[in-house]
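Subject: Structure for your review

Hello,

Please find the structure below. My notes on it follow.

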Amino acid sequence: MDSELSRNGHFQSAAAGDPTPLLDPYGREVNYLRVSVTDRCDFRCVYCMSENMTFLPKKDVLTLEELEQLCTAFIDLGVRKIRITGGEPLVRRDIVSLIEKLGAHIDTGALEELTVTTNGSQLEHMAEKLVACGVKRINVSIDTLDAKKFHTITRWGNLDKVLVGLKAATDAGLKIKINTVALKDVNETEIPSMIEWAHGQGFDLTLIETMPLGEIDYDRVDQYLPISKVRANLEHNWHLDDLPDRTGGPARYVHVKETDGRLGFITPLTHNFCESCNRVRLTCTGQLFMCLGQDDKADLRAALRDGHSDEAVHDAIREAISRKPKGHDFAIERRNQNPSVERHMSTTGG
Ligand code: SAM
Ligand code: SF4
């Protein structure tokens, strides 16, 4: 690559400190970027992937340097929070070098927060490195504490390894939120004990409704458990007090009096909160999705590789944000078995 970008290693901060926020057509400020750094994973969770996945050809995947360039462009335009996700982000070779470079933007004050969502399989040897890069909080996905069930859900995962990773993350000083996908007849009855366990360890826990993204080997109708039902069941025994906490995302939080911990609900099916959405999602091939649940995307890789200037990328980002849709139309129904969008969650990142 002989562009301006490759010579100086990163974008000139032509727009750094640009006072104009990235506003979408509905007046929402976009200040949060999620980056799926790989579509590959060492697990095959039954609600996320089919067992035999076809992954993206390596030639289509952006280099870590290119990902950094795109992230920097977003920071220049006002993005204040970046989440590294995937696929499993921590299995991408040398991912720490990207996280380290992005962490440098925290030191300058340009970025407020850098977080990671992981399945925990690599945390044992990576937790301290993440902290050294400036990561303070991570999300770890665990749907059950039953080792056999864990293996059934993840197909390839090992719960013990994840728990060792969690311990390493705690010891390294990372603040942890557990993500748990609520699955009918699978972890439904275990949810209260998962919450007690997480809160007992000082972790937040967020329950997520399974979303119709990509073909899997199972019927999503059979997996789908409305969080409204879970919440109603929890309220038989516990006091849940609504908290005002907002991340600009779809989660709503309560304080559980009995466990003295924070519990989140992500309810894209029973109740979406698109009106306050502040985020966009970048894939490892440089495609920008303005909504998790819609197909429209912008090709930032083309802007990056063909545009040869930071302005070309900035313009492509601004143009994309001007197309951010109002919200998604997720539905899980017996009569319509097709996924709402064809790509998997691992492509756009959860
Ligand atoms: N591999 C990492 C992990 O599992 O945390 C990061 C990527 S994963 C796609 C991010 C989050 O999306 C996880 O919490 C996972 O449980 C959730 N997820 C994956 N597929 C989903 C689906 N179809 N519906 C709802 N949540 C899903
Ligand atoms: Fe991998 Fe995360 Fe998807 Fe599970 S949810 S298959 S760990 S990307």
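Leaving aside residues up to four places away in sequence, Thr267 touches Glu209, Ile227, Pro250, Asn272 and Phe273, where contact means heavy atoms within 4.5 Å. This is a predicted model, in which local features need pLDDT of at least 70, side-chain atom pairs count only at pLDDT 80 or more, and totals for chains, interfaces and linings use all residues. Residues are numbered from 1 along each chain as its sequence is written, chains are lettered from A and ligands numbered from 1 in the order in which they are written, and side-chain values use heavy atoms, with hydrogens and water left out.

Thr267 sits in the loop between β9 (261-266) and β10 (279-282). Helices (H or I, at least four residues) and strands (E, at least two) are DSSP runs, numbered from the N terminus. With a relative accessibility of 9%, Thr267 is classed as buried (buried is under 20% relative accessible area, exposed over 50%, partly exposed in between, with a 1.4 Å probe and protein chains only). From Thr267 to Ala251 the C-alpha to C-alpha separation is 7.4 Å, and the two are 16 residues apart in sequence.

Helix packing

Helix α4 (residues 123-132) packs on helix α6 (residues 159-171) at an angle of about 20°, and their axes are 8 Å apart. Axes are lines fitted to C-alpha atoms, for helices over the stretch in contact, and angles run from 0 to 180 degrees between N-to-C directions. The angle makes α4 roughly parallel to α6 (under 35 degrees is roughly parallel, over 145 roughly antiparallel, 65 to 115 roughly perpendicular, the rest oblique). The α4 residues Leu123, Glu124 and Ala127 meet Val164, Gly165, Ala168 and Ala169 of α6. This contact of α4 with α6 has five nonpolar, one polar and one charged residues (Ala, Val, Leu, Ile, Met, Phe, Trp, Tyr, Cys and Pro count as nonpolar, Asp, Glu, Lys and Arg as charged, and the others, Gly among them, as polar).

For helix α2 (residues 64-76) and helix α10 (residues 300-307), the axes come within 11 Å and cross at roughly 105°. The two helices α2 and α10 are therefore roughly perpendicular to each other. On the α2 side, Glu66, Gln69, Leu70 and Phe74 meet Leu300, Leu304 and Arg305 in α10. Here the contact of α2 with α10 divides into four nonpolar, one polar and two charged residues.

Aromatic pairs

How many aromatic pairs are there? The count is two, where rings of Phe, Tyr and Trp (its six-membered ring) pair if their centres lie within 6.5 Å, and planes under 30 degrees apart are stacked, over 60 edge-to-face and the rest tilted. Phe43 and Phe150 are edge-to-face, at 6.0 Å centre to centre and 90° between the planes. Phe43 lies in the loop between β1 (32-36) and α2, and Phe150 in helix α5 (residues 147-154), 107 residues apart. Phe43 is buried at a relative accessible area of 5%, and Phe150 is buried at 2%.

Trp197 and Phe203 are also edge-to-face, with 5.8 Å centre to centre and 75° between the planes. Trp197 counts as buried at 18% relative accessibility, and Phe203 is buried with a relative accessible area of 6%.

Regards
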